[in-house]
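Work through the following exercises with the sequence and the model at hand. Each task is followed by a solution in steps.

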Amino acid sequence: MLRSRSVPLLLRITGILLGFYGLALAMPGFWLIGLGDSGYYAVAGMLILCSGALIAAARRAGIVLYAIVLAVTLLWAVSRVGLDGWRLIPPLALPSAIGFWVFSPWIGGRLIDRQGQSRVNVCVVSGISGCAALFAFMFICGWTITASRTVQYNPFPQQRFTGDIIDGESLVNNQWRMTGGTSAGDRFGTAAQITPENAHMLGRAWVFHTGDLPRSGENARGREFSFEATPLKVGDNLVFCTPHRDVVALDATTGKQVWRYTPGGNYGQNIYQACRGVSYFEAPAGVPCPHRIISTGAGSPPTLFALDADTGHLCAAFGHNGTVDLSQGMGIMPAGFHFITSPPMVMNSRIMLSGWVYDNQTVDEPSGVIRAFDAVTGQLVWGWDVGHTPANRPLNPGEIFTRGTPNGWGVYTADPALNTVYVPLGIATPDYYGVKRRSFDEQYDTSLVAIDITSGEERWHFQTVHHDLWDFDLPVGPSLVDLPDADGRMTPVLVQTTKQGELFVLDRRTGKPFYRVEEKPVPGGTIPEERYSPTQPYSPDIPNLRRADPTTDDLWGVTPFDQMACRIAYKKMSFHGLFTPPGLQGTLGFPAFDGVDDWYGATIDPTRGVLYVNTTYIPFRMQLVPHDKALKEGLFKPWSGWKQPYPEPIFTDNPQHGLPYAAVIEPWLGLFGAPCLAPPWGRTQAIDLVHHRMIWERALGTTKNVGPASMLRMPVGLPTGIFSMGGTLTTATGLVFMGATADQGFRVLDGRNGAVLYETELDAGGNATPMTYMGRDGRQYVVLAVGGHGGLKTRNGDEVVAFALPARRE
């Protein structure tokens, strides 16, 4: 009956749209076949095209064919990724959603009805039920796979060590005088009121608003505004810095402001607005301004200053009226090319720092020299410069520090008993092409160096990447801990996290491996003049933090289209695993410069020898572009040197002026902005350092609040495991505190098994590292900066939040 009449317009439109859908799937699907990948997309596309044609002709076979497409898709997807529900979303979600319309009363119901009327009939009920069942299947499998990714591999160690906590005197006195708690950088708190039994009772005790929010343009073009500070507890005050470098002191029990210091300065040229914390120095008796907060200004020029910790006033006897100009001895230093994001290391009357350098812009950038200043007077004591022999010799009159050397921009750690500071070094910029690097650059790039605090003399150094072409610089100093050797003797070691996910455990006295380090062959590259290292160091005796190398079945998207586009891109890129060097073809960087672990490092319980770390998996696309071609394509503007203003490019385009190649480095995302890599996108792991084995790991975090802007954020939280930026805190009661995930969650985990004991949603991203102490009121507080992270695109805010158990009633 229906075929004898004219075809209803709704059927024609539906058929035509299905036809376009099928063509959009089939055409690139044939391209994918040519690249040697699956033929599913081409076959499914052609079947959908035929289904659309039949529906447009009012043939009921069209809906039967569409049902076949759904069945084939389900079988193909399960055969490729099993019952991983999150990986089933790209092939199944969109076709199933379209199926609700195809099998609706207006399409399927009408085609099956003998009179051609829109009706609810067997076709409608069975078709819509089938599509609903597919959605239920996906999400049930998704939750199930997430649960299965919480794995207890080995028992939690029961034995406690009897040794002292390194530099732990301040913790015993209820202070938190360094970013990592102590100079050991273990992020371990001794306060023990919050336990696994009562952690669920936590709540906000107080919230302080700094008023420091992003200014115009500070979260655009790759610029980042991030509140990353970890407060110190000095006396009864908390002291921290805001992204624009105000130093604020709060009453540690009430959260009320005690004083505030604004250093001023022009920060407009800085691509990062971030300050990870301040430092503390207790001067010798009789010295004016005995309790000092040491911090830096990130304007132009950058400065070092000392404040009275009691009043917030500058210490007049330090430097010039409380301030030291850090441009001295540095030569040309244009605004935005050198500033400091991490707190200086203050130890044994020395203030030690380097700085962040605007890398990948040009050769001949400012020096990465490590400098030490007298903590009482502010006078320069030594500069450790790899371009000098010896590296710690004083500058000659009129001389400047060697330009373009590896810098130490992350937080340092130190062993006061050994009088040694441990400095994580970066790369002699630019990062992605190494032909013009000097011999001393090659020796110290991406290395950990141990320096005598008093003299600046090198004790030893250890290189974690040879001829680094990936920006795998060391972003944080090692955590120090004492571990038993094979004979049970306690040995002073350090654990160095790396962006590539290796954990190097070294004797911190000598730099010799405590656990074996092995050189393994790595892929070469295709740039004729480049010098590729044939091997790289690995630490095979301790678990690494990486995910397995992705295959085409690990590629993702929210629809079949962006998953297919990611598969095509993957097939066109060069990828031979970790250390695949960048080239003209384009390379998959996994991990890339953000690493699996970044500036926040790991956390160690020194009483049990357990390391906790949150890891992130964001693949990047890396490509070298001949410099002249990059100019013609408008990737950046021409620049002729320091005598003219620098034309800042967008963050993904790295000019590398003075070299034959520019570099484009960008996160690898699909057509709709979703990652090309399937979940989990983030994990938290616990590692037994004594038996060097994984204790547990879990996917942590959801998709809620994830997105590029306030109006484009996921309203629901699928427990996929999500990206993070920020560190963890552990305590003597075996808890792990973390607010770093992109879903803006704050969580307390049971350190024994990773179980979530408490979680709450924050007003902004908690992308910093927490700290803890006991307040005057007898309550244990856990404090976190909640202000968001520009790179992770979490919501910005201006909060410092304190969590505690409910106050006791009198």
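The model is predicted, so local features need pLDDT of at least 70 and side-chain atom pairs count only at pLDDT 80 or more, while totals for chains, interfaces and linings use all residues. Residues are numbered from 1 along each chain as its sequence is written, and side-chain values use heavy atoms, with hydrogens and water left out.

**Exercise 1.** Determine how α1 is oriented relative to α2.

Solution. Helices are DSSP runs of H or I with at least four residues, strands are E runs of at least two, and both are numbered from the N terminus. Axes are lines fitted to C-alpha atoms, for helices over the stretch in contact, and angles run from 0 to 180 degrees between N-to-C directions.
- Step 1: α1 packs against helix α2 (residues 40-56) at about 165°, the axes being 7 Å apart.
- Step 2: Angles under 35 degrees count as roughly parallel, over 145 as roughly antiparallel, 65 to 115 as roughly perpendicular and the rest as oblique. Therefore α1 and α2 are roughly antiparallel to each other.

**Exercise 2.** Classify the packing of α1 with α5 and name the residues in contact.

Solution. 
- Step 1: Between helix α1 (residues 9-34) and helix α5 (residues 105-112) the angle is about 110°, and the axes are 10 Å apart.
- Step 2: This makes α1 roughly perpendicular to α5.
- Step 3: L10, L11 and T14 of α1 meet W106, I107, R110 and L111 of α5 in the contact (heavy atoms within 4.5 Å).

**Exercise 3.** Describe the nonpolar cores and the strand that contributes the largest share of the largest one.

Solution. A nonpolar core is a set of buried Ala, Val, Leu, Ile, Met, Phe, Trp, Tyr and Cys residues joined through side-chain atoms within 4.5 Å. Buried means under 20% relative accessible area, exposed over 50%, and partly exposed in between (1.4 Å probe, protein chains only).
- Step 1: The largest core has 52 residues, and W206, I293, F737, F746 and V783 have the most contacts inside it.
- Step 2: Strand β42 (residues 780-786) supplies six residues, the largest share of this core.
- Step 3: Another core, of 36 residues, lies apart from it and includes A44, I63, I89 and C131.

**Exercise 4.** Is G524 buried or exposed, and where does it lie?

Solution. 
- Step 1: G524 is in the loop between β27 (518-521) and β28 (535-538).
- Step 2: With a relative accessible area of 51%, G524 is exposed.
- Step 3: G524 and F161 are 45 Å apart in space, C-alpha to C-alpha, and 363 residues apart in sequence.
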